[in-house]
Amino acid sequence: MNWVKVFREYNLKQLKSSLLLHICVVISVLLAVATAISIPRVTNSIESSYQKKAVKINGADVTIQTSGENFKLCEYLNSKGKGIKSYTVGKAQNGSIKRSQKGSKAFYTDVISVADSRTNTGEGADERVNESTDEKKNIVTVSGFDNLKENEIIISSYLAEKLNLSKNDTIKLLDKKKKIVDIEDLPYGASSQGKQLGYVKANIELTNPYAYIYYINLDNPDKADKFLSKLKSELKNDMSQDTTYSTAKSVVKENNKKQENSLVIVSLANTTCFIFTLFTTLSCGYMLLSKRKKDHAIMQLNGIRKKIIRNALFFELLFPILIGCVLGGIFSTTLEKLLLAINGLGSIKSQSIFSPLTFMGVVFFFAVYVVYVRILTLSIIKSNPYYVIKEIPEQRTIPLVRYVVFTLITFFVYAIYVGTDSVFVSSIILIFVLLVCLLVCFALVKLICAFKNISKTTLYVFKKLSKRAVAYALVMLAFVFMNVFMMLGYNLPKELSNSYNSQLKKDLPFNYIAMVKMSDKDDQTSLEEQIEHFSKIRIRNGIMCKFEKNKLKTDVTVGAVKNADYYYKYSLKKGQQIDKLKKNEIVISDVFAEKNKLKLNDTLDLTLSLGENVQGNGSKNRQAIIKVKVAGIYVCQNINPNLILCNEKNTNLNVENQIIAASDYYQYLLKRKSVSSIKNVENTLFIGVNNIVDAMLGLLDGYVNMLKILGLICIFVALIFSINVFMIFTKNDEKEQIIVRAIGMKKKFLQQACILETIVYVVITFLLSFGLYTSIEGLLSVALFKQAGKVSIVNALIILCSTLCITFSTFAIKMRFINRHSNDFMRLKEDA
Amino acid sequence: MIKLHNISKTFKTASSSQQILKNVDFSVMPEDFITIAGPSGCGKSTLLSIISLLLPPDDGKITYNGVNVDFSSQAQLEQMRVKYTGLIFQNPNLISSLNVLENVLLPANYKKLGKKATIEKAKKLLSDVGLSEKTNADVSKLSGGEMQRVSIARALINEPKVLFCDEPTGALDQETSQQILKLLLEIARKNKSAIVMVTHDNDIWEKGRRKVRLQGGKLIELG
């Protein structure tokens, strides 16, 4: 007899009764394959998009971003023989955008403009004069600015998604109405901050820029790197350390690096998904084997060789796997589109369903599952038909080592398929975490079972749990990961925002910053009349700070405060408060101090450019160097960390008070519930501290959204897996429960046992879910905000509720059996 | 002690129905040893299940010590099962997660003697069935005969008035069967329990003080 005959005459006839298990296998394989293929597809689509549009994304062949206007750089760009075709200077400023409807929430963002840079030289709107040669050069047209009118803006897709905006909507930017004419999927010519937090492009005058962006086109774009290295060496002493340089090539490189980071996070979810789908597929396979083990034993006892039975079952299982793999390949396109869309990249062209990457993926995963099924069917070879028929318990022979080794090989080959080793590393980390969690689950089960048995119920339940500790631990692990993914996808951003906001409330004495131009006396008067308490800081940008000891050279902002205007005081970490400062003493932020390794009593050189606009011809190189001493370090919570504070009365910086630069402004620190009631301050920019937090958390959005989708898949497969294992348990338990009733135990005993078992499930699942989620949240909190995470009771309650919901379904099924069928004693007779 | 009056039972499937017991009258007296035999599928086990209150009859009446059994009252059934019956199956049906002693103690009523005394009693029973050395052993490591001995000890822990045995030696070899039977009779005598035993084995059937044969749904008492 050959296996085809067995397959035709036995396996095919069993298909109907095993249909549900096969459907479970198809769904599991489909989800695993679709997820695993879609992730490299997403990366590939984004990478090829970046490659095609590298120059457009960079804004020009070379882009340089400085925190202050750099006259030396301008001189260099205007000089002859450097291979420069054209250049344009853009500016970036912090601003807020909101929907034009009343009561809409403002969103902190980056405003980019190249409009006013055209007037910098006073040589007309569309041309820049090369001063040294008098030769006119065309300006660089940064994407989007070509035909942008004054009442029109372009926004990034991130902002559009955040504020639910679409083309032709009207919004308020810096309190002026604008119409959205375009939404950019990729950050074309955006500032570094804008790339992260979203941006608005507008043709408006920016008065308080925090960054100047120099877009430079070269005669020979291929020599961009050479040009940059030459520029850096020639302007070695004139460029601050926080200047950023980028070329089309570096944009692609930076994106690849970002994609790799994103891949690490996403592949964690992907690996979890794969492992749980694998658990599901294998548990379905083992269920099928356990369902048919008597048939297989009878066949063997009737002379059919084990190998034939194994091959027939193997062939039967290939069908759902093949269907799952092919459907997975097809659905990977849909999932890819979905993942691109939730990353705000909906317009990026996704790869064809027949792409080589998809085909290779389908073939690869089919081969992988074939090996898994081959390992699974080994148990037919290893089982003893006599033991099966006589119901003599056999030693379980799940080839765990083979599974683990093959899974590691799979992840290694998958990393090659994706094209990055970080996927393999993150998979190994995840397997390690899963193993640790499994061990903890196992240890907790054993620990609970080691408690002194106070009654027959505890004895019965704990002994049962202890005996099947590994299987229980696996189900609990599935429950734990369901909880953690749900919390990561749906609670984490809100949680981080709340935790950071509450820390801000504690550390910062204000919750709004208002910025008013120095020259706008009307707004200042109006604002001061309407608010009772405030701190008023006079801000000057573009000051170079030098520290010889560690060769520090960076652009800073200096804020001078009068004692009488300093109501809301920054919390001090060390040293003196501003109103106690002596002559030429300053207070720096904790972030600035840490970044530049500065301590109290260090002496810094502040170089103030006195500005051409005020002094007229020949004055643009005039500088004042002031020596200052660090007398205090304040807590800034990452908000404006480069702001150096001094006392206006006691510092030489007030010499410069006589010179009012166009970019000088007053920064008011306010503490209010809302700023909407403040009237007649049209030119004042209000920024809520919580908006800054939201914007910072926006960095996580792409990952969180991907985690949401993959988390849903993980929840789904973990659920199928739990149901499978639960069904296997239930089948065993049902007979045992009938025996327990038959030997004289009351129904109440079984009900109590069921409740106790569920309590153990809830306690362990809750403890592990809460512990794992709190650790992840803590790690992210430290990574993002440098703060330890908090243990939240609300989180504990959410996890507890979710755990109760998950376990309740299994509890209800068990209870139903106990109440209705545990006295079905005829089943004992059937078994006998 | 136990009286069955006019008991009938029919098993129905989607396509057919088969009457297993037809108006059976039967009684069990204290310290009886009744053996029931009959061809396969004649309803021996069904009759045993009905007498031991595991299965409700379709028609007829059962009284335990003069009290009419109400099969709709789970509480009464549970109470009567604990008080009067001990069950021994062909398959020992032990709880695999519990050890030998724990299996015996599971149905024990601690309130009757107190926990300590009940444990001593269980140990004594295990010693009586020849398993005093294996009280803490894992049940999956016992032989078939040993497992059946554990189930006998378990059935006797609450000192039931009647021991219902459904082919208790059916899965055992001749020698072990004889040993188990001897043991059962000895312990039942010591506990003054009656035994109702379903068997296929003619030798065992012959040993019954009351020998019953079931044929065509009717009970024929042969001595």
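The accessible surface of chain B comes to about 9800 Å², and 48% of this area belongs to carbon and sulfur atoms. Accessible areas come from the Shrake-Rupley method with a 1.4 Å probe, and for residues only the protein chains shown count as cover. The model is predicted: local features need pLDDT of at least 70, side-chain atom pairs count only at pLDDT 80 or more, and totals for chains, interfaces and linings use all residues. Residues are numbered from 1 along each chain as its sequence is written, chains are lettered from A and ligands numbered from 1 in the order in which they are written, and side-chain values use heavy atoms, with hydrogens and water left out.

**Stop 1: chain B as a whole**

Select chain B, which has eight helices and 10 strands. Helices (H or I, at least four residues) and strands (E, at least two) are DSSP runs, numbered from the N terminus. Of the 223 residues of this chain, 55% count as buried. Buried means under 20% relative accessible area, exposed means over 50%, and partly exposed lies in between (1.4 Å probe, protein chains only). Among contacts in chain B between residues at least 6 apart in sequence, 67% join residues at least 24 apart; a contact means heavy atoms within 4.5 Å.

**Stop 2: the sheet of chain B**

Display the strands of chain B in the order S6-S7-S8-S3-S9-S10, which form an open sheet of six strands with mixed pairing. Its edge strands are S6 (85-88) and S10 (218-221) of chain B, each of which pairs on one side only. On average, neighbouring strands of this sheet are turned by 20° against each other, direction ignored. Two strands pair if DSSP finds at least two bridges between them. Strands of a sheet pair through backbone hydrogen bonds, either parallel or antiparallel.

Next, select strand S7 (residues 162-166) and strand S8 (residues 194-198) of chain B, which run parallel and are joined by five bridges. Within this pair, Leu163(B) has Ile195(B) in S8(B) as its bridge partner.

**Stop 3: strand S3 of chain B**

Are the residues of S3(B) mostly covered or uncovered? The strand is mostly covered, with five of its five residues buried. In a regular strand the side chains alternate between the two faces of the sheet. Colour Phe33(B), Thr35(B) and Ala37(B) on one side of S3(B), then Ile34(B) and Ile36(B) on the other; all are buried, and both faces of the strand are covered.

S3(B) pairs with S8(B) in the parallel sense over four bridges, and Ile34(B) has Val196(B) in S8(B) as its bridge partner. S3(B) also pairs with S9(B) in the parallel sense over four bridges. Here Ala37(B) has Arg213(B) in S9(B) as its bridge partner.

**Stop 4: helices on the sheet**

Axes are lines fitted to C-alpha atoms, for helices over the stretch in contact, and angles run from 0 to 180 degrees between N-to-C directions.

**Stop 5: chain A**

Now select chain A, which has 25 helices and 21 strands. Buried residues make up 56% of its 832 residues. Its accessible surface comes to about 37200 Å², of which 58% belongs to carbon and sulfur atoms. Among contacts in chain A between residues at least 6 apart in sequence, 82% join residues at least 24 apart.

**Stop 6**

Select Gln65(A) in strand S1 (residues 62-66) of chain A. Why does Gln65(A) count as buried? Gln65(A) is buried because its relative accessible area is 13%. Leaving aside neighbours within four places in sequence, Gln65(A) is in contact with several residues, among them Ser191(A), Tyr210(A) and Asp242(A). The C-alpha atoms of Gln65(A) and Tyr215(A), 150 residues apart along the chain, are separated by 8.8 Å.

Move to Met815(A) in helix H24 (residues 793-821) of chain A. Met815(A) is buried, with a relative accessible area of 13%. Not counting residues up to four places away in sequence, Met815(A) touches Gln751(A), Cys754(A) and Ile755(A). The C-alpha atoms of Met815(A) and Gln751(A) are separated by 6.7 Å, although these residues are 64 apart along the chain.

Finish at Phe331(A) in helix H9 (residues 306-342) of chain A. Phe331(A) counts as partly exposed because its relative accessibility is 40%.
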